[in-house]
Each structure stands twice: as C-alpha cells, then as structure tokens.
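This report describes selected features of a predicted model.

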Amino acid sequence: MTSLRIALAELRSHPTRPLAVVVAVAISVAFMVASVAVVQTEFHASGTAMTRQLADSDLVVEEYTAPAADVLTAIGDVPGVATVEPSYRFGARVSAGERSTTATVGTVGADPRLHPAVLAEGRWPSAPDEVTVDAAAVDVLGVAPGAQLVLDAGSGKRPATVVGRTETVAGLFGGGNVELYAAPAWFDAVGGAGGVAGTYLVLAEPGTDPATLVEPLRQAVADVVPDAESGSVDVRTTAEVRAENASSALEGADLMTVLLMVFASIAMLVGALIIANTFTIVLAQRRRQIGLLRAVGGSAGQLRTGLLAEAAVIGLVGALVGVAVGIGVTAVVAAWSGSIETGLQVSVPGTVGPVLAGVTVTVLASLAAVGRAAATSPMEALRPVATPEQGRRATVLRVVVCGLLALLGTGLAAVALNSRAVGLGGELVLAVAIAGAAALSVAVLGAAPLYVPVLVRGVGVLNRVFGPVGRMTTAQMGRNPARTAATCVALMLAVGVTVTLQTGAATTERTLIGDIAERFPVDFSLTRDDGADIPLETVEELRAVDGIERVMTLPAGRADVGGGYLSTVYGVEPGAADAFLPEPLPTLDDRTVVLSPREGLRAGDEVTLTTAAPDGSEGDGASATFTAVISHAAHGNALLTEQAFTELFGGSNSAGLWLDADPRADAARVVADVSSVLGSGYLDVGVYQQSAEFAQLLDAMVLIATGLLGAAVLISLVGVGNTLALSVIERTRESALLRALGLQRRQLRLMLLLEALSLAVVSAVVGVLAGGFLGWLGASALMGAVGQEEAVLAISWPSTLGVVAVAVAAAALASVLPGRRAATAPPVAALAVE
Amino acid sequence: MSTATRPVPPDAPTTTVVASALDLSKVYGSGDTAVRAVDGVSVNIHRGTFTAIMGPSGSGKSTLMHCLAGLDRTTGGKVFLAGQELSALDDRRLTRVRRDQVGFVFQSFNLLPTLTARENMLLPLDLAGRRPDPDHLREVVDALGLADRLGHRPSELSGGQQQRVAIARALLTRPAVVFADEPTGALDSATAEEVLGLLRGSVDRLGQTVVMVTHDAHAASFADRVLVMGDGRLVDDLDRPAPDQLLAATTATGRAGASSRRTGGRGEQARHTLDEVGA
C-alpha cells in the first residue's frame with residue numbers, strides 16, 4: 001500500500017518529529033496500564049494476605065456467641081474432624097518502654113498446618129506470656145525477639161516476651177497494621193476460659209471431603225449455642241472462603257480502577273490536545289512534500305489514508321512504549337509495597353485496552369490536521385512561503401458558541417451557589433453544579449484562541465523589561481495564535497483540573513472542620529471511664545506535650561440529661577472554661593445547665609438531670625432540675641457550675657480533663673503523644689482526633705490525586721517543549737538572521753525561555769482562576785447537597801502555588817534543549833537552510 | 001600581500017584598509033569528502049570603496065564574504081575587520097562585531113515578518129541598546145524613499161521596498177562594511193537597477209564601504225573594483241572594469257558566465273525541493 005509505505009518512509013527518515021506524540025501517548029498509556037496493574041496486584045496481595053490466616057485449614061466455622069471451649073469440644077466430636085483450633089483476633093494496645101501502638105493479636109496453635117504466618121526468626125509462642133511480632137511492630141516499637149512488651153487488650157496490662165518474628169505479607173493496602181501472634185493460652189488468660197473466639201479452623205481427617213462436614217459441623221455447633229443465636233452459625237469450606245475473598249477484593253479493585261481511569265482520561269485528553277497540536281505543526285512542515293505528492297497525482301483520499309496510517313503507527317509505538325513503562329512502574333510499586341511476592345497481576349484487557357485507547361486517541365486527534373493537509377491544493381503547497389491564514393468565520397462561530405456556553409455555565413453556577421435561595425436541594429444541586437462546571441470549562445478552553453493572544457500581549461508588557469529581546473518574543477508568540485492557544489489549553493487543562501481538586505478539597509475541609517470546631521469547641525474532653533480522679537502526674541505529663549496549650553481538670557460525672565440522653569456532666573468555672581471555648585460561656589448560674597442543641601430542646605426548658613454510674617449503668621439516682629441554656633460550648637455534654645455539680649453528685653472530683661491544642665501543631669503527632677501519655681481507660685468526647693484524622697485523610701487524598709494529575713501536567717509540558725522545539729525549527733532562518741545582525745546566543749536562549757515562561761504563566765493564571773472557581777463551586781454544591789451551611793472558600797496555597805511553580809519551572813526547563821539547538825547553529829549554516 | 005598586484009584606485013586617496021583576509025582558507029568536511037571552498041585568498045578592502053566579488057556557483061565567493069563578515073569561522077589564515085582579528089574572537093565578541101561593525105543585505109531580504117519596516121531597520125541598534133541618530137535616520141530613510149512605509153510589515157511591501165528596508169537596516173549602524181549577498185537576485189531588473197544605484201549612492205554620498213557578492217556582470221559594473229573567484233582562489237582583481245572586460249574575466253574562469261545569474265538560485269531551490277521529497 002503506497003500511502004502506508006510513504007508514511008513509514010517518512011517516519012524512518014524523521015523519527016524525532018513525532019517524538020512529542022510518542023511521549024504523550026506513552027505517558028497516558030503507561031498511566032492506564034500501571035493504574036490497572038497496580039490496583040490488581042495490590043488487591044490480589046491483600047486478598048492473599050486475608051486468606052493467609054486460614055492457613056491450610058479445610059473448613060472455617062464462624063460463631064460469635066458461645067464460649068470457645070464449648071464450640072471446640074462440639075467441633076472436635078464431629079466424626080471426620082482431625083483437628084480444630086480457635087482463631088482469635090483481639091485488638092490490643094502494645095507498648096515497649098516509651099513507644100506504644102495498637103495491634104491485632106492473632107492465634108497460633110499447635111498444629112503447624114494451621115499456622116497463620118511464616119516465621120522469619122525465633123520460635124512460635126506456647127506459654128501465655130509469649131508473642132511473636134512482625135516487621136511493622138519492629139518498625140513502630142523497635143523491638144526484637146527477646147524484648148519485653150506490655151499488652152493491654154482491654155482487661156488490664158499484661159507483660160509478654162517476644163519469642164519470634166513473623167514474615168509480613170505486605171502490600172499497599174495491607175501494610176502498616178501491627179500483627180502479633182500468641183498461643184491460645186494467652187487468649188484464655190486475657191478473655192477468660194469462657195471467652196468467644198468467633199472463628200475456628202478445622203482440619204478434616206485424610207480422605208474426608210470437607211464439603212461433607214459442613215452440615216454435621218453446623219448442627220454440632222448450633223447445639224451448643226443459645227437457641228436465639230443458632231442461625232448465626234456459619235460453616236464454609238476454606239476453598240469457598242478463599243473464592244469469596246478473591247471476588248470481593250476484585251470488586252474493590254474495580255471501583256478503584258474506575259476512579260483511576262477518571263484521572264487517566266484527563267491525562268489522555270491533555271495528550272489528545274498535544275497530539276493534535278503536534279500533527280498540525282509536523283504537517284505544516286511537510287506542506288511542500290504533501291503538495292508534491294498531490295502534484296504527481298496522489299488523491300486527497302490516498303494522502304489522508306497515508307497520514308492516518310502514520311498517526312496510527314506513531315500511536316502504536318507510543319502505546320507499546322507506554323505498556324512497557326506501565327508494567328515497569330507496576331513492578332517498582334509492587335517491589336516497594338512487597339506485593340511482588342504474590343505475583344504481578346497484568347491482565348490482557350488491562351493492557352490491550354489502553355493500547356487501543358492510545359492508538360484511537362492518536363488517530364482521532366490527528367484527524368483535523370490530516371484533513372487540512374490532505375485538502376491542500378498542489379499549487380498552494382508548492383508556493384514557497386507559507387503564510388498562516390487565520391479563518392475569520394471560525395472565530396465568529398467560536399465567539400458565539402463559547403459566549404453562549406459561558407452564559408449558560410454562569411447561570412447554572414449561580415443557581416448552584418444560591419441553591420437555598422432558589423429552593424434547590426439534594427443531588428439536584430450537584431447535577432446543576434456539574435452541568436455548570438462542564439459548560440464553563442468548555443467555554444474557557446474553547447475560547448482560548450480568543451483571549452490567549454491578549455493575555456500573551458499582557459505578559460509581553462513584563463517581557464519589555466528584557467528590551468528588544470522581550471519585545472521580539474511577544475511578537476513571535478502573536479504570530480501563530482492558534483498554536484500558542486492550543487499549547488496553553490493543554491497546560492491550562494492540567495493545571496485547572498489539579499487546582500479544582502485542591503480548592504474543592506480545601507474548601508470542603510475548611511467548611512466541615514469549621515463546622516466541627518463550632519460544634520465541638522474543646523479539642524480533647526476526657527474522663528476516666530472508671531470515674532476516678534485524673535492523676536496529677538498525668539496532668540503534668542500532658543502539660544509537657546508539645547502542641548498542647550492548656551490543660552484543665554474539672555469535676556466530671558455521668559448523668560441522664562433528660563429524654564434518655566446519657567452524657568458526661570462537667571462542673572465548670574466559667575472564667576477558666578472560657579479559655580477553651582471560642583466565645584464566653586452563656587450566663588451560667590447554679591440553676592442552669594448548658595446543653596448542645598438537640599431535637600426538641602428549647603432554651604428555657606426545664607431539664608432534670610439524674611446521675612448515673614461512670615460506666616453508664618444506673619447510679620444512685622440523685623436528680624435535680626435545671627433551666628436549659630443551649631450552646632455548642634457544651635460540645636455534646638452538659639455543663640453545670642461547680643457548685644451545682646457538687647450538689648447533684650454529692651461531692652466534687654477531678655475526673656474530667658480538658659485539653660486545648662495549638663491549631664498549628666501537627667495534629668497526628670499531638671494525638672499520638674496525648675494517647676501515649678493517657679494509655680487506655682479514657683473516654684474522649686472531644687473531636688480533635690476525628691477532625692485531625694479527617695483533615696489528614698483529605699490531605700492524603702489531595703496529595704494522591706495531585707500526584708495522579710501530575711501525569712497530565714507532565715504531558716502538557718511535553719507539549720510546551722514540543723511547541724518550542726518546532727518553533728525553533730520553523731524560525732531557524734530568522735534565528736540565523738538575528739544572530740547575523742548581532743543577537744548574542746544567550747539572548748536567543750532568553751527569547752525561548754521568555755516564550756516558555758509566557759506560555760506557562762498565562763496557562764497557570766487561567767488554570768488557577770478557573771480551577772479555583774470550579775473547585776469552590778463543586779465544594780459548595782457538595783455542601784449544599786449534604787445540607788451543610790455556606791461553604792467557606794479555602795485555597796490550598798502551598799499545593800496550588802506548588803503546581804504553578806512546577807508548571808513554570810518545567811516550562812523553563814522545556815525551553816533548554818530547543819534553546820541550545822537554536823543557539824548553537826552557526827549563522828551561515830542556518831541562513832543556508834531553505 | 002596580493003594588494004601589491006593592483007594599483008590603488010585614483011579616487012580613493014585614503015587607502016585605509018578596513019577589512020582584509022590573509023591567506024584565508026575554508027574547508028568543509030574532512031578526509032576524502034573535504035571541499036576547499038576558499039583556498040589561500042589574501043585581499044584588502046579599502047574604506048569608502050564598492051567592491052564586487054564575482055564568480056560562478058561554487059567558486060567560493062559567498063564563503064569568502066561570510067568569512068570576511070564574521071558570519072563563518074575560517075579554517076586557516078586570518079581575517080581582520082575594523083582593526084580586530086576576527087579569527088581570534090570568541091562567539092560573544094564576534095557577535096558584537098557583527099552587530100556594531102557589519103551591515104548585511106541578503107538576496108531574500110531577510111526581514112523579520114513580525115516587525116514593522118521601522119522596527120526592522122532599527123533592530124541592530126535595538127539589540128545594541130543604542131538610540132538612532134534622528135538626523136542620520138531621516139537622511140537614510142529619505143535617501144531610500146521609505147518615509148511613508150515605516151509602519152508597514154514586510155508582507156505589505158514589494159520586493160524592492162523590502163530590500164530598501166534591508167539596506168536601511170545595514171546603513172543605520174554606520175558599520176565599517178556593508179556586505180551584500182546577491183542583493184538583486186530576487187528582484188526584477190528595474191528594481192535591481194534601483195537597488196544597485198542606492199548601494200552605489202551610499203558609497204559616494206555617505207562614504208560607506210560596500211562588498212557585494214554577485215553572479216551578474218551588470219551588477220558588478222556598479223563597483224569600483226571587481227574580484228573574480230574561481231575554484232576557491234582569487235583569479236582576477238579588476239579596477240573599474242569595462243563590461244566587456246568583466247565578461248572576458250568571468251568566461252575565463254571556465255564556468256558558466258553572466259547568463260547563469262538567475263538560474264543558479266532556482267536550481268538550488270529545485271534541488272532542495274527534490275531533496276525533501278526524496279527524504
């Protein structure tokens with residue numbers, strides 16, 4: 001086929017021309033392949049880890065009510081059962097000296113076939129005060145076999161000796177949890193001999209089909225549990241459990257893959273813009289060749305086929321490179337997370353799909369440029385000087401369409417932002433906001449050729465500082481507005497989506513945390529769950545914690561505060577309490593109680609408080625009636641004066657503890673420090689920990705998403721480099737002329753640097769403005785949908801400026817190679833080029 | 001020095017040498033494929049003279065000019081321009097010499113399409129951070145008849161007008177030498193005549209030094225002195241030659257004569273087109 005042959009010959013002789021396309025396709029495809037493969041590999045690993053606990057058992061019995069001893073006997077008596085062992089999993093607080101963490105303690109029995117993990121060193125525990133640790137425990141606690149630990153599984157602290165270390169079945173989703181193993185004797189000691197194990201692992205006699213044991217086992221276990229609970233007995237073969245785990249892991253993987261594909265699509269879209277741009281430039285360079293082919297009798301159709309074949313070949317090359325890179329990335333991630341041990345999961349659809357997508361996008365993106373090139377008349381193409389002609393008609397159409405979309409988008413956004421006023425609620429707000437955002441995005445991106453030249457001229461004012469070089473740069477950029485705009489659109493899209501996400505998350509965080517802080521003004525509000533006084537040394541230790549600004553003990557007790565609400569009652573000294581609250585306590589006297597707002601409660605209502613025991617069970621039943629004052633200052637508790645507290649509870653104490661944290665402190669560390677001082681046995685009704693965790697979760701999500709969108713930013717910067725490189729080629733003659741006329745090399749490099757920076761700055765500014773607005777719109781709509789009050793606009797400046805800085809710095813970097821190429825060409829050689 | 005072989009022009013009593021080449025050679029490539037484009041040429045260019053360098057395609061005339069103008073590096077020998085030895089300068093200083101001491105006029109005008117005529121003219125001064133002398137600017141603009149074309153972009157100017165802008169650009173820095181490379185190659189004969197007249201005028205009225213490379217014996221007849229190149233060597237050095245003298249000289253080089261004036265350029269263009277297609 002002639003057209004394909006010409007296409008391949010073209011690629012062979014100018015392999016670097018479509019390099020940007022190959023890179024853009026490769027990045028997008030690599031991203032997709034790696035997304036699918038990493039998720040599948042990791043979920044496979046965590047699925048494997050989950051079933052690892054089942055060891056080589058034949059059946060799994062689950063029963064959560066009867067004492068372990070009874071169940072074990074019942075199972076052991078079933079004919080065909082060789083061995084049965086309980087599989088306890090207890091949560092415990094583990095400390096080694098100063099360090100402590102929460103851990104899961106699993107059972108390791110006598111039968112090696114039922115060992116839930118592989119031993120790396122030491123031996124398995126057998127005595128009730130022996131445990132094994134895993135790598136995570138070694139990291140967190142800094143212990144090795146032989147070390148002493150203190151375990152607290154809710155029934156008091158117990159010492160234990162580390163006798164061995166188990167291999168960790170790691171993985172991205174499984175890592176981090178500290179897993180300890182202890183002999184069944186430990187669980188008997190902790191939970192008492194009548195404790196409930198929940199899960200039992202059964203080995204069948206050799207030659208017995210496990211499936212035949214399911215019914216007899218169910219019957220046997222059902223006999224020992226209370227009648228009401230007999231339906232809760234679950235007996236399955238281990239093979240069944242494994243299959244279920246695998247399929248549920250796969251479902252999780254699917255959801256995550258879909259999410260990642262959203263990011264991949266954004267990267268692909270940016271890639272498509274770059275590809276379209278590159279094809280336009282490359283084909284413009286080949287106008288003469290294309291014209292000649294037309295002159296010697298090539299039909300427009302033949303040319304089109306050839307050029308599309310060329311695009312497909314380029315796309316395929318990029319996609320194959322992308323598959324290789326994607327698998328490489330997966331291997332690196334899996335090696336890092338440890339999941340590589342359970343095998344890389346590279347599926348055929350997860351590889352072929354992205355390749356097809358890459359090729360299709362390349363061909364589609366090249367259509368416009370190919371169509372234009374193929375339609376070139378032979379005479380036009382052979383004319384010596386190419387004058388870029390700008391279509392006026394297209395501009396008018398663009399103005400009209402983008403103008404209408406912008407109007408529509410603004411209208412929808414206004415409705416979404418004032419959803420309360422127009423009486424819109426629920427998901428409808430979200431739908432309106434999404435439609436508005438889509439219309440605005442298309443308008444902003446589509447109108448780029450209209451305003452980008454204006455903005456470039458605006459930036460050109462700054463370039464004037466650099467004298468004639470700056471002025472010439474601006475003039476050059478005004479020369480091909482379509483190309484400048486297309487390059488900007490790609491970068492704008494990448495920056496805009498990233499900033500949208502960042503602003504949306506920051507706004508959500510600020511709004512929700514602001515709301516939480518209002519409802520729960522005291523950072524830590526603690527009582528001992530046994531109602532005992534807080535030891536003085538604990539108070540002193542807390543005072544010493546970095547990031548804790550104020551510590552106060554106060555009388556605390558439990559009481560029914562009317563309407564069946566059991567809550568903590570604090571006796572507060574209004575002056576002292578004010579330091580912890582955003583606003584002074586409302587008037588509080590010995591006959592009033594401060595309560596948080598709740599359904600059916602109005603200020604001035606008479607509320608009867610009835611005391612209860614610290615554990616919430618019925619107490620001595622003393623009661624008194626107070627007038628309710630409603631304020632968030634109560635943060636879900638009841639506040640009385642110290643005098644009223646003493647009268648109600650028949651005495652004062654110092655069982656309550658309020659802590660105020662520095663808002664700038666690292667919340668996670670403060671929580672860790674405070675909880676390591678307190679240990680267990682405290683009830684925290686403050687929400688510092690939750691809001692810190694929430695903020696951390698959102699931050700982590702934004703960070704991950706920013707990382708994922710990094711692919712899009714990267715591709716768009718390939719586009720910037722490409723545009724510059726091609727301008728350099730196009731302007732070889734002019735560069736030579738300028739050099740002949742006395743332009744220094746560094747001035748020529750400066751011109752390209754300024755061009756790159758102008759592109760990046762214009763794109764970043766538009767991207768940040770549009771992204772900031774859309775992020776706020778999205779967050780507001782989300783808040784409106786969940787019934788939250790006004791969203792508070794918050795911009796995550798460090799990350800947003802980070803994106804801008806990366807875009808600008810990378811654009812500068814992208815100008816280096818083209819700049820060198822332009823500057824090193826000797827003026828004569830360059831002048832000689834036709 | 002080879003200047004001993006020719007008398008000093010009678011109307012140029014100030015025999016200050018403004019540019020000179022000493023045993024200049026330029027070799028392209030190396031080994032078997034090496035081409036000696038210029039082969040041991042020595043020549044002096046005097047201030048206030050109009051010198052034409054003639055010769056057929058491939059005779060090395062353009063290379064000689066490029067080396068004299070500091071556009072290209074020499075392989076051997078020395079080049080002096082305005083008192084500086086170009087071969088000893090680094091790129092930065094060489095660039096400054098081109099900016100301040102040299103004016104260029106090219107066959108294809110080589111104006112920047114994004115700049116107006118005025119901006120194009122003032123470009124070298126701009127690059128040097130110098131302000132134009134308003135009297136000098138007016139004088140040059142008037143002499144070239146460009147007063148009403150200053151705000152136009154190159155695409156809005158005729159070929160002759162573009163070349164006049166290029167000449168203005170070359171003259172405005174008051175360079176030591178204006179080098180013109182086939183300045184009439186892309187113009188019709190009437191416009192070519194006009195451009196040659198302007199160059200001649202700059203020598204006569206402004207005392208400018210001009211070195212022009214050309215195929216065309218008629219164009220060369222505007223010069224005070226004609227250097228004839230053949231196979232990289234200086235084969236003749238004529239003082240105010242008569243047209244028949246020129247014709248004889250160029251035919252004597254054994255190559256196509258004055259008639260090849262236009263076809264050379266076209267031939268190159270055609271070859272280039274084919275190269276692209278073949279690639």
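## A sheet and the helices across it

Across which strands of chain A does helix H6 (residues 210-224) of chain A lie, and at about what angle does it run to S1(A)? Helix H6 of chain A lies across S1, S2, S10 and S11 of chain A, and its direction is at about 20° to S1(A). Helix H3 (residues 68-76) of chain A lies across strand S1 (59-63), S2 and S10 of chain A, running at about 165° to S2(A).

The sheet itself is open and is formed by 4 strands of chain A in the order S2-S10-S1-S11, with antiparallel pairing. Because strand S2 (81-87) and strand S11 (234-237) of chain A each have a single partner strand, they stand at the edges, and one side of each is left without a neighbour in the sheet. On average, and with direction ignored, neighbouring strands of this sheet are turned by 20° against each other. The antiparallel pairing of S2(A) with strand S10 (residues 198-204) of chain A extends over 6 bridges, and A:Glu85 stands opposite A:Leu201 in S10(A).

## A helix pair in chain A

Helix H2 (residues 19-52) and helix H9 (residues 300-337), both of chain A, have axes that come within 6 Å and cross at roughly 35°; the crossing of H2(A) with H9(A) is right-handed. The residues of this contact between H2(A) and H9(A) comprise 21 nonpolar, 8 polar and 1 charged.

## Nonpolar cores

The largest nonpolar core holds 221 residues, of which A:Ala267 and B:Leu199 touch the most other members. Helix H23 (residues 745-785) of chain A gives the most to this core, with 22 residues. Leaving aside neighbours within four places in sequence, B:Leu199 is in contact with B:Phe50, B:Ile167, B:Ala180, B:Val210, B:Met212 and B:Phe222.

## An exposed loop residue

A:Val118 lies in the loop between strand S4 (99-107) and strand S5 (119-122) of chain A, and this residue is exposed because 10 other C-beta atoms lie within 10 Å. Beyond its neighbours within four places in sequence, A:Val118 is in contact with A:Thr166 and A:Glu167.

## Contact between the chains

The contact takes 22 residues from chain A and 26 residues from chain B. On the side of chain B that touches chain A, helices H2 (91-101), H3 (117-128) and H9 (261-278) of chain B each supply at least two residues, with the largest share, 6 residues, coming from H2(B). The residues of that side of chain B divide into 10 nonpolar, 8 polar and 8 charged.

Technical notes: Residues numbered from 1 in each chain as written. Chains lettered and ligands numbered in written order. Predicted model: local features only at pLDDT ≥ 70, side-chain atom pairs only at ≥ 80, totals over all residues. Contact = placed C-beta atoms within 7 Å. Nonpolar A, V, L, I, M, F, W, Y, C, P; charged D, E, K, R; others polar. Axes fitted to C-alpha atoms, helices over the stretch in contact; angles between N-to-C directions. Left-handed = near helix turned anticlockwise from the far one by under 90°. Core = buried A, V, L, I, M, F, W, Y, C linked by C-beta atoms within 7 Å. Buried ≥ 20, exposed ≤ 12 C-beta atoms within 10 Å, placed from the backbone. Pairing = 2+ DSSP bridges.
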